[in-house]
Amino acid sequence: SVGADRYAGSRRCNASYILLLLLQAHRCCRTYLPSCSPSLTYAFGTAASIMPFTLPPLPYAMDALEPHMSKRTLEFHYGKHHQAYLDNMNKQVAGSNLESKSLEEVVLESWNNGSPTPVFNNAAQVWNHTFFWENMKPNGGGAP
């Protein structure tokens, strides 16, 4: 239905806006807190990063989150799903000015001031998935 399409579009817009806020917060974290996660710094690289982009290693073993997230689930979502976004993004940026940018710069530039280019979805998903993996750890969590 038209209403459902509008809602879905609105959710994508809100998710994109939240991602941009997270990127800005991450940029501040790297600027003011040098001890920011080294894995995040590796995942996002610098303008001098070598292409193509690569999947950063998980900061834990594939079975380390069991029983909350199974090894099979992690193998699928990290090894296949996340990798597919990365492969698609690499194809999209190949030969373009984005090829020499960091992942963070690719996301911000492909957002295109609110008119996302086709690269944006894949780049944003790569960033989002990396951020997701980095924010979990074995025996983590607990009461809020």
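**Entry 1: H4 and H5.** I kept in mind that this is a predicted model. I began with helix H4, residues 103-111, and helix H5, residues 118-134. Their axes come within 9 Å and cross at roughly 145 degrees. I noted that the crossing of H4 and H5 is left-handed. Next I looked up who touches whom: H4 brings Leu 103, Val 106, Val 107, Ser 110 and Trp 111, and these meet Val 119, Phe 120, Ala 123, Ala 124, Val 126 and Trp 127 of H5. I sorted the residues of this contact and got 10 nonpolar, 1 polar and no charged.

**Entry 2: H3 and H5.** I then turned to helix H3, residues 71-93, whose axis comes within 9 Å of that of H5, again at roughly 145 degrees. This crossing is left-handed too. Among the H3 residues in the contact I found His 77, His 81, His 82 and Tyr 85, while the H5 side includes Asn 121, Asn 122, His 129 and Trp 133. Here my sorting gave 11 nonpolar, 10 polar and no charged.

**Entry 3: the salt bridge.** How many salt bridges does the whole structure hold? My search found 1. The side chains of Lys 101 and Glu 109 form a salt bridge, with 3.2 Å from N to O.

Notes: Residues are numbered from 1 along each chain as its sequence is written. This is a predicted model: local features need pLDDT of at least 70, side-chain atom pairs count only at pLDDT 80 or more; totals for chains, interfaces and linings use all residues. Side-chain values use heavy atoms; hydrogens and water are left out. Axes are lines fitted to C-alpha atoms, for helices over the stretch in contact, and angles run from 0 to 180 degrees between N-to-C directions. Helices (H or I, at least four residues) and strands (E, at least two) are DSSP runs, numbered from the N terminus. A crossing is left-handed if the near helix is turned anticlockwise from the far one by less than a right angle, and right-handed if clockwise. Contact means heavy atoms within 4.5 Å. Ala, Val, Leu, Ile, Met, Phe, Trp, Tyr, Cys and Pro count as nonpolar, Asp, Glu, Lys and Arg as charged, and the others, Gly among them, as polar. A salt bridge is a side-chain nitrogen of Lys or Arg within 4 Å of a carboxyl oxygen of Asp or Glu.
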